[in-house]
Amino acid sequence: MRHMLDITDWSIEEINALMDQADEIIARPDDYADAMRRKKLASLFYEPSTRTRLSFEAAMIELGGHVLGFSDAGSSSASKGESVSDTVRTVGCYADIIAMRHPKEGAPTVAAQFSPVPVINAGDGGHNHPTQTLADLLTIRREKGRVDRLVVGMCGDLQFGRTVHSLMSAMSRYPEVSFVLISPEELKIPGYLRESMRRQGVPLMEVEKLEDVIPALDILYMTRVQRERFFNEADYVRLKDSYILDPDKMTLARKDLTVLHPLPRVNEISHAVDNDPRACYFKQVLNGKYMRMALILKLLEATK
Ligand code: NCD
């Protein structure tokens, strides 16, 4: 059975096909209004979420399906000590597909081993977030007309930012993509990811100042410092405002820069940037819903 656990389990061709499907849904939404009639999506969210959970739910509803689930581990049997494997065996009796967010890295992969229905990783700890990557890729393709031949700046918390890890793993497989990593020393990408980029021969530059590199970027992917993943509050406070994208910094950037952010934002993009036509983070939110529709269609079609 097919799942969406890690973006690298899906080939570039398959990801491109999902983007084609999403474009098709955007062009003709009515054609899909009954596609998932009488099907149910369970959203099992053991960690906070606004966009990811609601976009999965909206996606299923717009396909004519239904949703059930929980948005707080405390209200589920996890609080009584139930394992993820028992929970998905149970939920698989009620639902046709499961979207799971969990604070433990790898929890959705364990779930998939026991689940009778497809499992989607909706974010696992500081590890991966493949469906955010689908939203990011569709936004890049719709804005730039391509996903290859791009200089991509990743800025902020590159150590704990799971969306960064998944997006780099996906984009590194497209030709002529290079990365400029902008972070404080303490929040650099994890070693396994640097090693994977090196093995693939992907050009990678690591800097501390956004101003130095912003003029060279096609894409700027801003991220929040992940407070909940810090061991100590003092380190968080010291690093939280390391980067703030404001209109002054935007004057240094290219006219066709695309600014992305997985959201939620805290301080890292000033609200004054929101009206700049280069700010695409709310388009990214909407694209996320369409990509999740495309993914649900694909995973449930495969189980027919
Ligand atoms: C991200 C996440 O949960 O990893 N949000 C999201 O799903 N769009 C980013 C974040 O929390 O900072």
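**Overall fold, helix 6 and cysteines**

The structure contains zero disulfides. The model is a predicted one. A disulfide is a covalent bond between the sulfur atoms of two cysteines. For Cys280, the closest cysteine sulfur belongs to Cys155 and lies 17 Å away, too far for a bond; the cut-off for a disulfide is 2.5 Å between the sulfur atoms. Cys280 is buried, its relative accessible area being 1%. Cys93, by contrast, counts as exposed, with a relative accessibility of 64%.

Eleven helices and nine strands make up the secondary structure of the chain. The chain has a radius of gyration of 19 Å, close to the 19 Å that the globule rule gives for 304 residues, and is therefore as compact as a globular protein of that length. Along the principal axes, the C-alpha atoms occupy a box of roughly 55 × 45 × 40 Å. Of the contacts between residues at least 6 apart in sequence, 74% join residues at least 24 apart.

Of the 304 residues in the chain, 55% are buried. Helix 6, spanning residues 162-171, has ten of its ten residues buried and is therefore largely enclosed by the rest of the structure. The buried residues of helix 6 include Arg162 and His165, as well as Val164, Leu167, Met168 and Met171. Thr163, Ser166, Ser169 and Ala170 are also among them.

The chain carries 39 positive and 43 negative side chains, and 3 Å separates the centres of the two sets.

Note on methods:
Residues are numbered from 1 along each chain as its sequence is written. This is a predicted model: local features need pLDDT of at least 70, side-chain atom pairs count only at pLDDT 80 or more; totals for chains, interfaces and linings use all residues. Side-chain values use heavy atoms; hydrogens and water are left out. Helices (H or I, at least four residues) and strands (E, at least two) are DSSP runs, numbered from the N terminus. The radius of gyration is taken over C-alpha atoms; the globule rule is 2.2 Å times the number of residues to the power 0.38. Buried means under 20% relative accessible area, exposed over 50%, partly exposed in between (1.4 Å probe, protein chains only). Contact means heavy atoms within 4.5 Å. Lys and Arg count as positive and Asp and Glu as negative; His and the chain ends are not counted. The place of a charge is taken as NZ of Lys, CZ of Arg, CG of Asp or CD of Glu.
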